[in-house]
Structures are given as structure tokens and as C-alpha cells.
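Hi,

Here is the structure I promised to pass along. Have a look at it first, and then read on for what turned up.

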Amino acid sequence: APEEPPGAVEVIGHLFGDPPGGGRAGRAVEMAATSTGLEPLVEQQISVVTNDGRLFVGVLRGFDQSSNVVLSDCQERVFDTEKGVEQVVLGLYVIRGDNLAVVGEVDEEIDSRIDLSNIRAAPLKPVVH
């Protein structure tokens with residue numbers, strides 16, 4: 001029988017140098033699943049992909065124990081295969097934690113050099129868990 005690919009705990013465990021079956025990896029996965037992983041991103045520009053495939057960019061102002069996030073200067077980037085990326089200004093915006101798929105830091109220097117009107121892409125598909 002083919003060998004099953006490793007899960008997240010095993011991959012993270014390998015990165016930590018943990019022995020098979022335990023160690024810091026379980027704690028790392030647990031931490032990543034909690035809102036404590038957001039603490040270093042407070043007051044930073046972040047991008048958020050939601051479970052329904054929407055992309056938001058804004059400054060993380062805060063979060064709570066449920067990973068609900070508050071973004072200021074928020075805008076949604078709506079992708080289109082013909083018109084380029086539309087930026088919808090939202091201002092102060094709250095996204096429920098149970099709708100977060102991916103949260104990432106934005107390199108503002110690189111982001112400012114991207115001409116979104118020249119990018120053609122299909123909208124993101126919903127995330128399947």
C-alpha cells in the first residue's frame with residue numbers, strides 16, 4: 001500500500017526536529033489555530049482570504065479569542081478575468097474568525113508597486129476544509 005502523506009503535525013514536527021509521534025509540533029499547531037498567532041501582526045498591513053474566497057487587505061487593529069479580526073483602511077480586492085482587480089473601499093471592517101481561511105503579512109513596498117488594473121484573474125474559489 002502507498003505511504004500516506006504526512007499531516008500538518010508531522011510536517012511542523014519535522015521542522016522543529018521533533019521525534020515521530022509528539023513534541024513541540026502539537027503545541028505549534030495548537031498555537032497556530034488560536035488567535036495568539038495574530039499578535040505579531042497587530043498594527044501591520046495584512047491580507048485575509050475568507051472561506052468564501054474573498055480577499056481583504058487592511059491594517060490589523062485587533063482580534064479576540066475567537067480570532068475575529070478588526071481591520072482599518074480595509075479594502076476588498078475583487079478579481080475579474082476581463083476588468084482587472086477592483087478595489088472596494090470598506091474602511092473599518094470586522095471579519096468573523098470562523099470565516100478566516102488565510103491571514104498573511106503584506107509587504108507594503110511590493111504591494112504599492114503592483115498595478116492591480118493590469119492583473120487578470122478569476123475570482124478565488126471557496127475554501128474547502
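To start you off: is Arg54 buried, partly exposed or exposed, going by its relative accessible area? Arg54 is partly exposed, at 31%. The terms work like this: buried is under 20% relative accessible area, exposed is over 50%, and partly exposed is in between, with a 1.4 Å probe and protein chains only.

Before the rest, some housekeeping. This is a predicted model, where local features need pLDDT of at least 70 and side-chain atom pairs count only at pLDDT 80 or more, while totals for chains, interfaces and linings use all residues. Residues are numbered from 1 along each chain as its sequence is written, and side-chain values use heavy atoms, with hydrogens and water left out.

Now the overall picture. The protein chain has three helices and five strands, and along the sequence they run α-α-β-β-β-β-β-α. (Helices are DSSP runs of H or I with at least four residues, strands are runs of E with at least two, and both are numbered from the N terminus.) The chain has 129 residues, and 31% of them count as buried. If you take contacts (heavy atoms within 4.5 Å) between residues at least 6 apart in sequence, 48% join residues at least 24 apart. The chain exposes about 8700 Å², with carbon and sulfur atoms supplying 55% of that; the area comes from the Shrake-Rupley method with a 1.4 Å probe, and for residues only the protein chains shown count as cover.

Then the salt bridges, meaning a side-chain nitrogen of Lys or Arg within 4 Å of a carboxyl oxygen of Asp or Glu. The whole structure has five. One of them brings us back to Arg54, whose side chain meets that of Glu76 at 2.9 Å, N to O. Glu76 sits in strand β3 (residues 69-78) and Arg54 in the loop between β1 (45-50) and β2 (55-63), so this pair ties together parts that are 22 residues apart in sequence. Glu76 is buried, at 12% relative accessibility.

Another salt bridge joins Asp98 and Arg96, with the closest N and O atoms 2.8 Å apart. Asp98 is exposed at 52%, and Arg96 is exposed at 55%.

There is also one within helix α3 (residues 108-113): Arg113 and Glu109 both lie there, four residues apart, about one turn of the helix. Their side chains meet at 3.1 Å, N to O. Arg113 counts as exposed at 59% relative accessibility, and Glu109 counts as exposed at 55%.

Cheers
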